[in-house]
Amino acid sequence: MSRLFGSRTGALPHPREVVAVSADGARVHVEVYGPEDAPAVVLSHGWTCSIAFWTEQIRDLARDHRVIAYDQRGHGRTPAPAGPSGYSTRALADDLEAVLGATLRPGERAVLAGHSMGGMTLMAAATRPAFREHAAAALLCSTGPSRLVAESLVVPLRAGGLRTRLTGWILGARAPLGPVTPVSRRILKYATMGPGSAPERVDTCARIVHACPRRPRVAWSHVLAELDLESGVRELELPVAVIAGTADRLTPPVHSRALAAALPRCVGLDELAGMGHMTPVEAPEAVTARIRELVTTYVQAQEKAQEKAQEQPQAQEQVQVPAQAHGDQKEGAA
């Protein structure tokens with residue numbers, strides 16, 4: 001794993017690396033942490049990020065969960081697509097299906113968490129067979145299904161055509177990001193993080209974002225500019241929790257509130273006061289706690305209920321056998 005995070009609470013465990021092969025032959029880099037027999041969590045990061053974005057969640061959850069994290073196409077250690085056809089919401093869904101198939105046992109259920117474009121990946125995969133087989137519950141973090149450029153608050157102007165055009169130009173800019181500098185950190189903090197974000201967390205996000213190559217960064221920005229996954233939201237027929245930062249300029253809370261209203265089974269909307277777009281880094285404890293709660297409620301509790309249901313017929317058989325045997329003895333004596 002790319003060690004972009006400074007370690008505040010100890011080193012991460014060594015991952016087991018997996019390569020998932022997507023529908024078009026693309027090879028997706030996957031890292032698996034934690035005990036093999038533990039309940040599973042799958043983490044899908046956002047635009048310009050990488051597995052390293054989830055470091056705090058991996059560090060905490062891997063103690064008693066099997067944490068599966070992967071690099072989206074063109075991010076981290078997953079190669080960029082060869083041509084424009086490799087950039088689409090269909091490709092995002094294909095890659096997630098490949099990851100689920102490569103890391104989970106048949107019928108195994110997991111909690112899936114997606115941040116920003118990672119959340120859009122879950123929406124895009126909502127009708128896929130592998131998603132429906134394996135997803136017990138989901139967390140949508142700082143994300144939205146459509147109108148991303150129009151609703152963005154990165155440009156401090158009144159909503160309208162001018163703001164939309166300027167926002168699209170900024171997010172799709174082809175200029176290389178270059179090295180992290182004090183100026184670039186300030187720009188990134190303004191656009192993606194809350195005003196009170198700690199300097200070390202701003203630096204962490206800056207290094208992750210600046211590590212994303214220019215070509216996939218620009219190509220994915222075009223996909224996001226045209227995004228429409230409203231139908232995918234309505235197909236997420238599983239328990240889904242939503243998290244948003246109240247100071248998010250990239251995907252303002254209007255998106256998360258609309259998601260909560262449209263989801264068939266929304267199990268909570270958490271608006272984190274003062275947090276920006278990078279909620280898993282800015283508020284790692286809150287995000288991790290929500291993932292743990294989903295695992296406890298929708299993976300472990302259901303597994304226990306299934307085990308109990310399987311035990312009941314066996315208990316009934318054990319009660320019936322002595323009664324039958326007693327009847328046989330009486331019959332033989334007669």
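**The core and the sheet**

Mentor: The largest nonpolar core holds 44 residues, and those with the most contacts inside it are Val30, Ile68, Leu96, Leu112, Phe131, Leu140 and Leu236. A nonpolar core here is a set of buried Ala, Val, Leu, Ile, Met, Phe, Trp, Tyr and Cys residues joined through side-chain atoms within 4.5 Å. Buried means under 20% relative accessible area, exposed over 50%, and partly exposed in between (1.4 Å probe, protein chains only). Helix H2 (residues 89-103) gives this core its largest share, 6 residues. A second, separate core has 27 residues, including Ala69, Leu272, Ile291 and Tyr298.

The model is predicted: local features need pLDDT of at least 70, side-chain atom pairs count only at pLDDT 80 or more, and totals for chains, interfaces and linings use all residues. Residues are numbered from 1 along each chain as its sequence is written, and side-chain values use heavy atoms, with hydrogens and water left out.

Take Leu112. Beyond its neighbours within four places in sequence, Leu112 is in contact (heavy atoms within 4.5 Å) with several residues, among them Val42, Leu96, Leu100, Leu122 and Phe131.

Now the sheet. It is open, has 8 strands and mixed pairing, and runs in the order S1-S2-S4-S3-S5-S6-S7-S8. Strands (E, at least two residues) and helices (H or I, at least four) are DSSP runs, numbered from the N terminus. Two strands pair if DSSP finds at least two bridges between them. S1 (16-21) and S8 are the edge strands, each pairing on one side only. With direction ignored, neighbouring strands are turned by 20° against each other on average.

S5 (residues 110-115) and S6 (residues 135-141) run parallel, joined by 6 bridges. His115 has Cys141 in S6 as its bridge partner. S7 (residues 240-245) and S8 (residues 266-272) are also a parallel pair, with 5 bridges. There, Gly245 stands opposite Leu272.

Next, the helices. H2 lies across S1, S2, S3, S4 and S5, at about 130° to S1. Axes are lines fitted to C-alpha atoms, for helices over the stretch in contact, and angles run from 0 to 180 degrees between N-to-C directions. H3 (residues 117-124) lies across S3, S4, S5 and S6, at about 130° to S5. S7, H11 (residues 253-262) and S8 make a right-handed β-α-β unit. Right-handed means that, with the strands pointing away from the viewer, the path from the first strand over the helix to the second runs clockwise.
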